[in-house]
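Colleague: Could you walk me through this one slowly, please? I am still getting used to reading models.

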Amino acid sequence: FSSAIVMFARYAHGGTFGKAAKMAEDVTELARRCAATAGDGPDCLRPLERIFLDTLCQQEDLPGFPDCCAKRDPERNDCFLSHQNASRGSIAPLELPNAEAACKNRSQHHPHLPGHFIYEVSRQHPFLYASTILSVARRYEEMLNKCCGSTGAPAPNAEECFRRQAPKVVKPVKEDGLRQEHTCGILKTFGERTLKALKLAQISQKFPRADFVTVTKLVVAVADTHEACCRGDVLDCMRHREEILHYVCTNQGSLSSKIKKCCEKPLLQRSECLINAENDERPANLSPHLGEFLEDEGTCERFAREKDAHLARFLYEYSRRHPEFSPQLLLRLAKGYEELLKERCGAGAPHGCCSGAEEELKKHIYETESVMKTSCDIYKEKGDYYFQNELLLSFTKKMPQLTPAELIKFTKQMTAVGSKCCQLSQDKLLPCAEENLDLVLGEICRRHEKDPINPGVCHCCSSSYSFRRPCMGKLEIDETYVPLALTPGLFPFHRDLCTPEEEQLQHRKQEMLVNLIKYKPRIRQEQLAAVTAAFATMRERCCQEEEEEERQACFAREGPELIKRSEKLLDA
């Protein structure tokens, strides 16, 4: 029933929960009858997709579907999917009701509550895995059981209970939704070959004992799953995922020693557990060197004959040996290896084409380790707020077209990566930092796709997935940007600058920092230090006033003077 609710909520997005629940009940009842009669009867022989779509097309009052229902399969399914995709983003993200409303709702609609929750989340997140939705619904029900009293009124500490328990419900929706949207973005922008290469690196790291044929089989299955999920095909997506889970757990002996507990969990929890499972230990007999790819005289011949298969085997062998590298770095190494072979395996190339290849590839490793070490050193020295200010300075110059709110949001996410990853050991740092940074950069690129930012960002977002992070790092001042004019409203100085709320004050100061850089993109460090010191002096003077009106009068008097002095400083 729950899985059917997900399906009907997405396909019939213009309907109501009541209609979706009725259709889900009809389909579930048919499944019960077919199970009881061992599949005997014409209805039981219909493919599952046809049963769902026939049920939808029997509804007379659902808006917008007559054109789809007039088509034959599989065009009928494609039509429904196109309607579903067109509705994406038109519904607000998940917000949980307060404790009083949720507990009242529970007492009034208890039997239907899980279904109603599944329906709403499915509509709001049309590309979130059904398994995630069903798992989150289970957690939501557990939260209500813990926090609501048996009478239907909230328990005495219900609000506090909700505050503690809500992240367990909301966080997986947000994180899994972002991860799935990110993967779909990679598939859409860079194509199946890039997605398969990324999955090859990730699966080879997780299952280093698995042979190349097994890993390749998993890569194809995972890529096909993402293709179905990104298309919005709920049934195909669920079927593919269940097949992968079954295969992995059936063959865990040859794959990994770290997934036994995951495979013992219920189906809904198994997928999340496997994704978060530790990488298995590398085989003891695995040589650290890749002589057959870097030193063997037959390398050029194999590359000419096998092309992508040869490159895939290189990526597999390199990835299973280096769990301490990020998948993005491994893809850069594979790309570097491919370019090396193209350059040195051509006609007239000298004998021993790959001599010095390892040193050539190490340049990519050095660049990544150097950037991450420098960033973590700065983070450890400055802490969250001042590290974010450094990022704001850099990214406002790179992307001045973004609003202050967007720049603050993206740099806050990057700062959170520093907080999460810079404390980790060296063997965990790169995968953590670059994987999480990649999610932020993916969000920036999706923002660019909706409303283009500038040519530099366009180039980084579309030219190469694996080099997206280094590309963004090399961006400097956007030369196409026309700086903001100095208007009275650009730097509003109000008494809210005297707030004792540190987070609110920091946000206001960061908004002004962004506008300052948008006004003067080529600001030098000493000029910024001078303007910042002058602002701090003015703020301290005005906030010493005891009355609100006197504070505002002080800002009204001192603010324009500060702007004049700053203008002279910045023109020097």
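Predicted model: local features only at pLDDT ≥ 70, side-chain atom pairs only at ≥ 80, totals over all residues.

Colleague: Where does UniProt place the "binding site" feature?

Modeller: The unreviewed UniProt entry places that feature at D233, and in the model D233 is found in the loop between α11, which covers 212–231, and α12, which covers 234–250.

Colleague: Is D233 buried or exposed?

Modeller: D233 counts as buried, because its relative accessibility is 5%, and buried here means under 20%.

Colleague: And which residues does D233 touch?

Modeller: Leaving aside residues up to four places away in sequence, D233 touches Y11, N77, L81 and A228. With N77 there is also a polar contact, made between the side chains of D233 and N77 at 3.2 Å.

Colleague: Switching to helices, how do α1 and α12 pack?

Modeller: Helix α1, residues 2–11, packs with α12 at an angle of about 145 degrees, and the two axes are 10 Å apart. On the α1 side the contact is made by S3, V6, M7, R10 and Y11, while α12 contributes V234, L235 and M238. Sorted by class, this contact has six nonpolar residues, one polar residue and one charged residue.

Colleague: Now the cysteines: how many disulfides does the structure hold?

Modeller: The structure holds 16 disulfides, and one of them joins C34 to C44, with an S to S distance of 2.0 Å. C34 lies in helix α2 (residues 17–36) and C44 in helix α3 (residues 42–45), so this pair ties together parts that are 10 residues apart in sequence.

Colleague: What is the handedness of the link of C34 and C44?

Modeller: That link is left-handed, with -90 degrees about the S-S bond. As for accessibility, C34 counts as buried at 15%, whereas C44 is partly exposed, with a relative accessible area of 22%.

Colleague: What about C421, which cysteine is it joined to?

Modeller: A disulfide joins C421 to C432, with an S to S distance of 1.9 Å, and the torsion about that bond is about -70 degrees, so the disulfide is left-handed. C421 lies in helix α21 (residues 404–421) and C432 in helix α22 (residues 426–450), so the pair ties together parts that are 11 residues apart in sequence. Both C421 and C432 are buried.

Technical notes
Residues numbered from 1 in each chain as written. Heavy atoms only, no water. UniProt positions renumbered as here; feature names shortened; annotations may be inferred. Helix = DSSP H or I, 4+ residues; strand = E, 2+ residues; numbered from the N terminus. Buried < 20%, exposed > 50% of the residue type's maximum accessible area, 1.4 Å probe, protein only. Contact = heavy atoms within 4.5 Å. Polar contact = N/O pair within 3.5 Å; in protein donor to acceptor, adjacent residues only side chain to side chain. Axes fitted to C-alpha atoms, helices over the stretch in contact; angles between N-to-C directions. Nonpolar A, V, L, I, M, F, W, Y, C, P; charged D, E, K, R; others polar. Disulfide = S-S within 2.5 Å.
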